[in-house]
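Hi,

Here is the model I promised to pass on. Have a look at it first, and my notes follow below.

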Amino acid sequence: MIVNILVGIGIALFGFALQTSIGGINRKIVGRLQKRHGPRWYQEFIDIFKLLSKRGISHGWIYDFGVIMALGGIIATAMFMPLTVDIVAFKQFDNFFIFVYLLAVGMLGMAMSASGSGNPWASIGVMRALTTMLAYEVPFLIVALTIINVSDSSSLTAIQAFQQTAGNNWFIIALPLGGLVGVLSLMGMLGKKPFETYIAPAEIASGPMVEYGGKQLGMLFILHEISVFIEVSLFVHLFLGGASNIFIFLIKYFTVYTVVNLISNVNGRFKIDQVVKFFYKWPLLLAIIQAFIAIYLGWVI
Amino acid sequence: MANIEYLLLFLVGSAVISYFLTRLNSFIGSIFTIFATMFVFVSLAAYGFNMNLDTTVSLLPWFSFSQTYLGFFFVIIIAFIYLMVSFFHPYFLDKYPYKNSYNLLFLLSLAGIIGAFYTDHFLQLFFFFEMIIWTTMFLIPQGKSREAAVSYFGFSLTGSVALLIGIFVIYQNVGRFDIQAGLAGISGTTSVFVFVLFMIAALAKLGTFPLHIWLPLAHGNAPHPFSPVLSGALVKLGAFIGILALIKINPIGPVIGAIDLALGQYIIAFIGSLSIVFGTLMAIKEDDAKKLLAYSSMSHGGYILVAFSALNGFAFAGGLYHILAHALASAGAFMAIAAVARATGTTKMKELGGMIHKMPITYLAYLIAIISMAGIPPMGGFISKWLIFQAVIDRGMILIAVAVFFGSVGSFLYVFRPLAALFLGQEFREYKHVKEAPLLMLIPTFIIMGLNIYTGVIPKQIIDFINNIIGENTAFAPVVATTFTVTATYGTLNAGLIALIFGVGVAIAFIIFILMKKSRKVELMDTYTAANFVHDEHLLHYSVDFYAPLERMYEKQSHWMKKFYDALAHKVKEVGKLAKYLFMSNNIGVTLIWILVIIVLLIGVVAL
Amino acid sequence: MKSTKFTPVPLTKAETDKKWWEIGDFFRRNSLWLLMYCTGCCAIELPPAMTSAYDMERLGMGPMATPRQADILLVSGYLSLKTLRRLIYTYEQMSEPRYVVALGSCPINGGIYHDSHAVINQLDQYIPVDVYVAGCMPNTEAVMNGFVDLMDQIKHKRANGWKKYHENYSWYKANQITSLGEVDVHDEFHE
Amino acid sequence: MSAVLLIAIPLLAAFISILFKKYSIYLLFAVTIFNIANVFLATEGIIIIGGFSPPLGISLLVDTYSKIALLLVNALVLVIAALNVKAYPKYGTILLLVVAGLNGLVLTNDLFNFFVFLEISGIAAYLITASNKKPITTFRYLVIGAIGSSLFLLGLIILYSMFGTLNMVDMIKEIALNNNYQELVLPFTLMFIGLGVEAKLLPFNSWVKGILGHSNTFSGPMIASVYASAMGFVLGRFITNLFNFEGMLLTVVLVILVAGIVLSDIMAFASKKSREILLFSSVAQASMIALLFVNGIIIWAVYLIIANALSKTVMFMIINKAQKDVGSDEVKSLQGLFANNLVIGIIFTIATLSVMGLPLLVGFTIKLNFLTELADAGQIWTIAFILIASVVEGIYFVKLLLKLWYPEGNLIKVNYHLSFKLVFAIIALALLTFGVYQAPLDKLDNTVDTVMEVVNNG
Amino acid sequence: MIQYAAILLFVLGLYGIFISTNTIKMLVSLNILEIGLNIFIISIGFNYQGIAPILSSVSDTGLIYVDPLPQALVLTAIVIGVGTTALGLAFAKSIYQKYQSFDLNDMEESL
């Protein structure tokens with residue numbers, strides 16, 4: 001058990017390191033895209049450690065407690081995440097729903113802490129984040145339903161194994177419409193443009209994070225990196241056949257994150273109700289059609 | 001005293017005693033009520049779990065009782081909620097106009113509930129149902145609104161009338177009022193008919209779409225300590241009827257091939273999912289914290305319906321688990337709101353803020369309750385939702401799944417709103433004097449907190465008991481569970497592990513937090529305002545129209561159902577006026593015409 | 001015979017703190033986030049500094065939305081009495097360590113507005129300024145140079161404005177009150 | 001003692017009381033008490049008057065059914081008169097007439113004699129309603145009542161011309177022999193309508209609104225409970241023994257009655273005046289009683305009559321007293337009536353809940369039992385309609401109750417005399433007791449028979 | 001034949017009540033109705049060529065009597081009718097005293 005937990009912590013740490021590096025690399029890529037030099041690839045590490053080293057403020061116990069709960073929830077979620085078919089802390093307990101709902105604990109903690117800061121922009125940001133979540137989560141869950149139904153398991157390792165079995169395609173190919181929905185939902189999850197309404201620095205002063213500085217903000221950055229890791233690896237495992245070894249995982253992970261980031265960088269930002277309308281119009285429709293096709297008609301490529 | 005009859009008589013007797021004690025002194029009367037409720041709960045818990053209650057009848061010869069696991073499951077939950085709520089009475093009763101009768105009616109309604117779940121006779125079931133309705137109906141108007149009681153009574157009565165008609169249809173076909181025999185004895189079109197009638201009753205009691213109007217009204221306006229009972233306990237009566245209809249009657253009808261489910265069940269699941277969506281959207285929009293929770297009850301009622309109509313062992317277990325989890329969660333949430341309302345005198349979110357600084361324990365109780373309500377681990381709501389999801393996915397009910405997932409995500413939105421607007425945010429100056437709830441009120445708060453976590457971490461005992469119910473009432477396979485895990489179609493959920501890992505994560509986060517430099521403590525008002533000086537904390541509190549961008553999208557549609565029922569009442573009134581005009585005319589001639597019409601009609605009909 | 005074994009010299013707490021502080025300084029100077037308090041014309045120099053021409057991000061710098069998150073308070077241009085009050089408020093909200101960079105000649109001596117009754121002539125009378133970038137207006141290279149200077153100062157532990165503010169708080173406060181006057185009624189119309 | 005005295009004594013006393021106007025009310029008390037005692041002592045069976053053997057002459061029929069009716073009527077008259085002894089002292093003579101008329105109605109075995117008593121009690125009723133001080137409504141009642149009894153007389157004469165007898169027992173036998181129901185439709189219809197006018201059945205009862213809508217503590221309970229219950233009993237006797245509706249006639253009558261229940265409840269739902277709500281509820285109850293008789297559920301109909309009479313006495317008296325003191329019977333202006341009158345409030349609530357048929361009260365037992373019997377008879381649609389109407393009924397009564405319990409603004413002041421409270425409390429207690437302890441009700445079940453059974457069994 | 005006349009009177013009475021709004025006229029119509037009814041009752045007992053049903057020493061075999069019972073009934077009915085009419089007139093008078101009118105339409109508002 002202890003070993004498993006240590007493996008889990010290792011995965012969480014790995015996820016943090018991985019996403020922070022890839023995040024930095026992506027900043028560089030975006031810089032190059034904009035004909036800039038761009039920051040160093042380890043810039044994100046510097047940012048986080050700088051924030052942790054500063055002396056921030058506290059708005060009372062819930063402000064601190066929320067951050068701890070948020071980071072704790074996210075770390076816990078990451079500990080369940082399989083990296084490959086074999087590298088997983090808790091075999092057969094890596095249930096898909098854990099990732100969706102344990103992630104929510106983290107989100108709830110963060111939202112609580114943000115609202116606890118007493119800043120209206122924080123609450124507005126939380127409101128937008130939750131609204132966006134309402135938008136992207138449902139189509140994504142419908143696609144996940146299709147995947148679970150088709151692969152007959154909700155364990156992520158089992159879903160990976162299913163895709164890696166000879167004769168089965170990756171789900172992004174097997175369920176093309178679902179794959180499309182998955183990409184869109186992933187962008188929503190990651191808060192990438194055009195769905196980044198809840199950060200909106202110029203509009204609501206970075207939303208939930210408006211009051212954070214110092215170590216609390218540093219912890220939120222860690223939280224953000226790990227949650228991106230969780231979301232992207234979830235996509236990798238669900239749609240891209242997972243990974244049989246760690247290099248494949250790295251390649252897939254890097255590709256997914258970079259592609260999403262590139263797409264996001266050529267987009268503007270939706271209004272909040274546009275986000276909701278968008279997700280409930282096309283992705284949901286596609287997801288339902290995909291589910292019908294896959295479950296009732298059995299047409300899985 | 002483990003005889004149901006004695007328990008009932010004891011409750012009725014203590015109801016009368018409590019009336020006089022409360023008349024003497026409301027505190028003493030309420031303490032007496034606590035002990036009476038506790039006695040009943042303890043007796044039930046001590047003997048009921050193993051079906052050791054004595055069901056013989058000696059003093060009430062026209063009643064007959066039998067015990068079932070299903071009935072006990074409901075009874076113990078409801079009695080527990082009653083017990084928890086009774087701790088609130090000493091602090092609330094003095095505010096109510098007819099406080100003397102409060103404890104009386106409270107205990108009487110508990111007697112009704114115990115009777116309802118232990119009887120094996122349909123007419124007695126109806127007897128106890130009606131008793132519950134009218135006793136509780138007189139409790140509700142002691143709160144804020146009389147209309148609420150009327151609408152509660154109207155819808156409940158509609159439900160019980162449907163139930164009664166169903167009972168008589170059964171009686172006509174079977175010739176007996178015995179519940180088990182009656183449910184088993186019907187078939188064919190009759191069973192469809194009874195199914196529909198029972199489902200109307202279930203929908204009305206459960207407060208699900210389209211019979212949900214009473215729910216926010218009653219929950220929102222009931223006396224504060226009674227709202228937890230309504231939401232945690234009384235709506236579950238509908239679930240009980242739902243089980244009778246969906247599982248026991250289970251009429252044979254056309255089957256939808258793709259999902260291998262009878263059409264009737266699918267329709268109910270669809271109604272349940274409508275209820276989920278409707279409840280979620282309305283809860284998101286609601287400003288009154290209690291009404292918001294009421295709409296959440298509506299959406300959870302939808303979950304329960306979906307679970308029971310999926311006709312699957314996991315779903316059934318999930319539904320029952322959800323009943324327990326939601327009872328605990330909503331009781332916890334309503335009790336927290338009640339504690340706040342006691343301190344501040346309002347439940348409107350736009351009038352409240354920053355209560356956490358004054359009432360941290362109440363806040364924690366609310367937090368834990370909503371975590372369970374939103375189905376987030378490590379609370380009970382997660383396990384039940386997880387089981388329901390398994391069943392929905394297993395059946396491939398896509399459209400239902402859309403609603404189920406929507407409600408699940410939407411519940412984050414609405415449960416968060418009271419958290420942010422009522423407990424968090426700026427601390428209002430008008431509530432500077434407010435204190436944490438008194439110790440007696442914190443006792444149930446702590447117990448419910450503990451149970452919310454218990455149900456979410458150690459599912460074994462509960463699942464075992466549910467397996468008994470499954471074995472007793474259905475042919476489904478029992479759910480496999482070890483101390484910490486539950487296994488369903490698509491994998492195993494280790495609730496204990498999740499809680500443990502969550503603890504580890506929090507520990508890590510806490511270590512990071514504690515290692516770093518200590519923060520500078522600042523006032524709540526010292527917050528980023530783009531360098532503006534704001535001195536009124538109300539201006540810095542974002543709570544009105546919290547989800548405005550989302551609400552705008554369905555603002556126009558949100559009143560449709562209410563308008564429909566208003567129009568219905570209006571139409572009935574108009575029919576009444578027309579009838580008055582036709583029959584109750586001041587002109588004798590009109591009566592003469594009627595007499596002639598009747599004569600001609602009778603003779604004409606007979607002559608033909 | 002000298003032992004080859006490495007024996008760690010036990011450090012005192014002050015020394016440990018110093019070491020940590022130096023490590024912290026490395027991170028801080030490589031990740032300077034700006035809060036731009038742009039009331040004057042010098043602000044026009046910032047877009048080229050941020051975008052591809054000079055690319056501030058390569059130094060790890062970037063704009064931030066709120067004072068809580070920022071390290072540098074970038075004052076560009078003149079300050080009137082009304083804006084000064086808000087500047088001080090903002091400065092006090094920032095997390096420590098915090099640095100102030102003043103652009104242009106206005107914060108130094110009032111610039112072309114030096115004789116206005118409503119304009120503050122010397123910013124460092126009210127809050128400590130770590131780096132001045134002189135010029136009316138300074139060109140972008142100068143601005144970037146100012147930031148590099150600040151990094152240098154941090155490296156050599158000379159960017160101690162925020163400590164000075166704590167140490168001489170009463171002096172700063174007195175200056176603030178003399179110029180701005182006491183506020184009797186605390187609401188948003190009087191301050 | 002002979003049952004004849006039940007009619008003769010009050011009639012005689014009525015004449016005597018004209019001489020002693022002041023003491024007429026006390027005479028009434030004496031007579032009713034005597035009557036009540038007499039009911040217990042009276043021998044059952046057919047009582048011949050004037051020595052003519054049954055088909056000829058007038059005879060009375062005393063059985064359990066009529067005894068219950070007599071007991072109820074006399075007791076209620078006594079109670080109502082006693083409670084109104086201060087407010088309406090001059091009605092002794094009329095009340096004696098009422099007692100004579102209603103006792104006669106219940107007892108008589110002769111159809112024409114029945115008509116006479118109908119008219120006597122009718123005239124007494126018109127006089128009672130004169131105390132409303134609304135002569136127009138009374139006049140209207142009179143005209144409609146007269147038309148009704150004329151129709152009844154017409155029907156009865158047709159029957160006479162067909163069978164040549166006026167004796168009810170004889171007539172029943174003849175009808176059973178004749179066995180041609182088609183021919184009997186017209187007289188039965190006419191008689192049903194004639195009785196329906198008096199018994200407040202729906203399309204024939206436009207007088208009710210005027211009379212009960214302006215009633216007082218005296219006329220309200222008199223018309224709504226005493227007359228209603230007596231007419232209920234009489235209607236029951238006719239429906240179960242003489243009419244024996246069958247075929248299409250049965251269907252049409254059922255439809256009329258069910259429509260009466262539903263429509264009256266809906267009318268009550270649409271009303272804003274407390275007295276109107278009560279009166280429409282009485283109308284619904286009257287239709288319900290008739291419906292039960294039509295379906296042959298005699299015993300529960302009898303209980304329903306009794307329960308309804310008791311509850312309605314209480315309700316009408318409480319509301320009418322409040323109306324008198326407040327000056328309006330709008331529910332709005334009576335809001336918070338019970339805030340100061342706790343006991344009265346509880347009693348009114350119990351009575352209302354009993355009428356609504358909620359458990360722990362006798363109304364529930366009755367409702368459940370007759371519904372069961374209806375189910376036995378296969379009348380599932382009737383059950384459905386009754387229950388749907390009961391939803392509407394429940395809603396308007398609850399609305400009324402809550403309005404009366406919870407004050408809004410100024411508290412209104414209404415004082416109830418202790419005697420009111422006492423009597424009402426006894427009635428409420430009775431409703432409660434029989435609701436909880438229903439064994440005695442079941443016991444009586446077998447003793448109420450139809451006339452023919454009485455005759456055959458001697 | 002007489003029965004048709006009686007029914008006609010009866011219906012006429014109903015019609016009178018139906019159309020009139022005047023209390024006195026209504027009472028008159030009521031009386032017409034009752035007279036129609038009474039005639040009808042009498043006609044029931046009528047036998048063609050029947051003699052008065054009086055017991056006498058003459059042997060009564062083969063004789064047809066009119067039915068005496070309806071006549072007795074009619075007497076009672078008439079009395080009752082008179083009583084009702086008197087009461088109705090009394091009410092009409094009190095209506096008049098209260099509203100100065102016999103016409104019910106005039107006091108429609110007062111209800």
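C38(C) sits opposite S76(C), a residue of β3(C). The strands around that spot are β1 (residues 33-38) and β3 (residues 72-76) of chain C, running parallel and joined by 5 bridges. Strands here are DSSP runs (E, at least two residues) and helices likewise (H or I, at least four), numbered from the N terminus; two strands pair if DSSP finds at least two bridges between them.

Before I go on: this is a predicted model, where local features need pLDDT of at least 70 and side-chain atom pairs count only at pLDDT 80 or more, while totals for chains, interfaces and linings use all residues. Residues are numbered from 1 along each chain as its sequence is written, with chains lettered from A and ligands numbered from 1 in the order in which they are written.

Back to chain C: its open sheet has 5 strands in the order β2-β1-β3-β5-β7, with parallel pairing. β2 (62-63) and β7 (131-133) are at the edges with a single partner strand each, so one side of each has no neighbour in the sheet. Helix α5 (residues 140-155) of chain C lies across β5 (99-103) and β7, at about 165° to β7(C) (axes are lines fitted to C-alpha atoms, for helices over the stretch in contact; angles run from 0 to 180 degrees between N-to-C directions).

Now chains A and B: 71 residues of chain A are in contact with 62 of chain B, meaning C-beta atoms, placed from the backbone, within 7 Å. α5(A) gives the most to chain A's side, with 16 residues. There is strand pairing too: β1(A) and β6 (residues 520-521) of chain B pair in the parallel sense over 2 bridges, with S58(A) opposite K521(B).

Cheers

Methods:
Two residues are in contact if their C-beta atoms, placed from the backbone, lie within 7 Å.
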